[in-house]
Amino acid sequence: MAMQPIHLRTRRRLAIAVTTLAILILSYLVQRQTMQLEHAAFLSGSATFVCLFLLLLIGVRRRISFLPLGNMSMWTQIHIHVGIFASAAYLHHVPRVIGNGFFESLLSCLFLFVAGSGIYGMYISRTLPRRLANVGGEYRFDRIAWTRRQIAEMATQLVQVGQSNAATPVLTKFYESTLAPFFQRQPRLAYIVVPNGQYRRRILADLKELDRYFEQETRQTAGKLASLVRKRDDLDYHFALQLRLRCWVLMHSLFSILLLACSIVHVAIVLRFFGN
Amino acid sequence: MRDDQTSIKPPSSFDRPGDAWSEFDGTRQRNWSSVRRRLTFLALAIATLVTGVGFFVTPSSRIFKPGPLSKPHAQILAGTLTKERCGSCHSGGMQSPLKWLVPSPNHEHSMTQTDLCLDCHKRTIPMENARRAHNLSRSARKQLTAALKAASANRVSLVSIPKTRLDFDNVACAVCHREHHGSDASLIDLSNSQCQTCHSQVYGDFANSHPEWGNWPYDQTSEIRFDHSTHAGKHFPGWKGGQSFDCQSCHPMPNQVGTRASSVEDAMVRVAPFETACAGCHDESLRAQLNEGISLISLPTLPSEATTALRDWPESATGFADGRVTPIMHLLLRSDSRLASLLRKIRDDDLGNLVIKDQISNQELQALAKGISDLCSEIVNDGHAAILNRMSQSGIQDKALHPALVPLPTQLLETIKSRWMRDHSDPPAQRSASVDSQDLSMPGDSLLSDDLLAPTGDDLLLPTDESDDVLLLPDDSGDLIQLESNESQSNDLSRDASNATASRDAEKQQLLLDGWRRDDGRLTISYRGTQHADPVITAFIEGFSALPDTDPAKRDFSEMPLIKNCLSCHPGASHSPSRWAEPTVQSASIDSNKFHHRPHLNVSKLGDCNHCHQVTTLNDLDGEIDFAMNSHPDFQPLTKSACAACHSKEGAGENCTQCHRYHMTRP
């Protein structure tokens, strides 16, 4: 009889319980060593340092996906809980949250930034996929620029091949003044930072406003253009959110590397300067 | 028109995730993975550059700083360079950072952090035991542990504290003193659990778990023996109009006696000086004792059979065997081994105790007479050196006696032979039994020669040609004392006497009688002290302290009334090294306990000394106080409950380090 997989919620509760227990054990050991007049900073510092290596393993796992090392979801869960434990170990280790000297304050700032970005990553990795799913469509990040060009070409083609009638100049003029810049340019930085449907709604409202001047055929062309406006906006929305996720991963991993490098220097200094 | 009505066909070319470039319909574009890689390298380069610039522009003292130093260390190291500052405590701090990762070939020989600590603190911590727990040897620690267990025999402690794994014979300073925790952090701030992690006997709260004091604080050795009970209950009520027994008369606050504040920041003066605390009652009796003086040389009377061989033995010292060999003279004589055995036969060094049954022959008495004569000759010839040499042979160091001989004029010694031991075959000269005051004045001593001993003619004791005082007449028999002076003296004594002159006379008389003097009538050279803590008498006591208690000379010396009186208050002076006075301040006790009076005196009820230190009433004392058994039997035992009333966790605190100090011994 095959073993039933553990439910996600149960797994999460189990992981939280194990992490809490590990933190309590560490806290007890630090207190005990302090009471025993030993250097508890060695214990908490070693725990933090080892955790930094464990946290970096997720990047290794991502790069060697061909080995049967468990799925990425499990690795992510381990990464999150090890990160929580490392934060607790760090707080046990440092006498003050921000260090005193230049190097120590750099080290503590790096740790706090990486820990903070990890918490932010937990938030966006849980909210952004849902927001993207709500929008609809599936766009690979590397193809978004090509897709954007495709949409722009489709829009141009629609206007150029449209039937000639009395309302055609009105649509052409609106395309040239409003729609062409929208389709051909990159999304604005403000939109990338805070993506919203305000511009899209304004364009669609203006297009709708012209409906009363159009005949049936031109109105169909305008409807196709409105469809492309929505598609382009959805594409930009995907781009903004996917870029946010990727930038977060980039910053998180980049500062993790810096943190690890500084930690190694810190350990070397400690081992050199510590002595009885 | 619905959104799904517009469909976009996938690109014709094939692209894979992770590729650096993609090409769609002839358009080549960079993928995210490539962008990310470039951004990563760029960011790392920028980070390295920023860090490098940061290292360059940041003052070297602030690059590596795990935390601010404590205030004392920060103040000391404030003016030093970074390298020296770190290197003061970390041997690695003196090395180049490039060498940090390379193990030193002589690493095991390099200085440890504790070595560097002790390099500065060697004056306050005994180096030989610096690394041992409590600076005590293993045996001493075992004794203390046994004592603690005995004191806590009936107590069951429910406190469980994890035990340390420290090596108690190699405890580093950093075990307790943690640096880099800020200027306000205390280097001696340890919790009760941290203190007790090394102890096999652990305690919970102070009120219920800590052992009673026992005899503390009255078990401390006191250098001055003072009977508080008798003074409080007997002497003071009846003294000079019933003045009350005020503790602060003898134990004032430091500012009341002008003691340096730095040395008494948190302590009381243990005992005020003699002049302040004791002289009011004891000065007169002390002066009476001082009048007796101590003899350096005193010629005994020996039978003529023993002295016939000596042509210069004084006639006045010839007769029945009588007189004492003084303790100092005993030491001077016994440096001669033949005389040492002879002196042992003389009971109490008193020749008057010789009876027929004593196996001392005339031959031995002749040897004694010759020994004394040789001693006098040696002293006449060599002066102080002869005395110091002979005393040294008897076990007293030169430097101990040197202060006693400084005021002894060599002229006084040089005239012994001429005054006492003149050859009887010589033509008889006019001999006078005199106390030679002339020799008291050193050449060039203008004070004595020009002023006080000047022939003013009003000195009662200075004989004059016209004097008709029979007591002062020169007398060849030597029975009467004559004071000689080279100076001419006037004789208008009674006529010009006035109160001022009388006072001056008294001072002169005292000067003549005090100090070293030669008495030609008694054939002695003796010293009469002038005041409390007289340097000559003090030096003799300290000199004799080097001798064992069983030494008959020391025993006789200690039994002399003057010396006995000294030692009655200063018992520690009779044992080498002599201890005369209490430490100026009560800054430390002999064990791990520490107590500061000052913060306690701020509490109103504790301002009354009797609140804690209750003097035993005379009725409670059973007979005479035995100071030998208990240092302060004249006080009621101090109970722990008196302290526990305030010292609780919520009150004045019950931290171990409030009352105990770790470093028990000092260099």
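This is a predicted model: local features need pLDDT of at least 70, side-chain atom pairs count only at pLDDT 80 or more; totals for chains, interfaces and linings use all residues.
Visitor: Which element gives the largest share of the side of chain A that touches chain B?

Guide: Contact here means that C-beta atoms, placed from the backbone, lie within 7 Å, and 35 residues of chain A are in contact with 49 residues of chain B. Helices (H or I, at least four residues) and strands (E, at least two) are DSSP runs numbered from the N terminus. Elements giving two or more residues to this side of chain A are helix 1 (8-35), helix 4 (102-135), helix 5 (144-160) and helix 9 (216-273) of chain A. The largest share, 15 residues, comes from helix 9 of chain A.

Visitor: How many residues on that side of chain A are nonpolar?

Guide: Ala, Val, Leu, Ile, Met, Phe, Trp, Tyr, Cys and Pro count as nonpolar, Asp, Glu, Lys and Arg as charged, and the others, Gly among them, as polar. By that sorting, 9 residues are polar and 9 charged, and the nonpolar ones number 17.

Visitor: In the largest nonpolar core, which residues touch the most other members?

Guide: A nonpolar core is a set of buried Ala, Val, Leu, Ile, Met, Phe, Trp, Tyr and Cys residues joined through C-beta atoms within 7 Å. Buried means 20 or more other C-beta atoms within 10 Å of a residue's own, exposed 12 or fewer, and partly exposed in between, with C-beta atoms placed from the backbone. The largest core has 58 residues, and helix 16 (residues 362-382) of chain B gives the most to this core, with 7. The residues touching the most other members are L332(B) and L333(B).

Visitor: Is N135(B) buried or exposed?

Guide: N135(B) lies in the loop between helix 4 (113-121) and helix 5 (138-151) of chain B. Its phi is near 60°, a positive value in a residue other than glycine. Because N135(B) has 20 C-beta neighbours inside 10 Å, this residue counts as buried.

Visitor: What is omega for the peptide bond from S576(B) to P577(B)?

Guide: P577(B) sits in the loop between helix 26 (561-569) and helix 27 (597-601) of chain B. The bond from S576(B) to P577(B) is cis, with omega near -5°.

Technical notes. Residues are numbered from 1 along each chain as its sequence is written. Chains are lettered from A and ligands numbered from 1 in the order in which they are written. Two residues are in contact if their C-beta atoms, placed from the backbone, lie within 7 Å.
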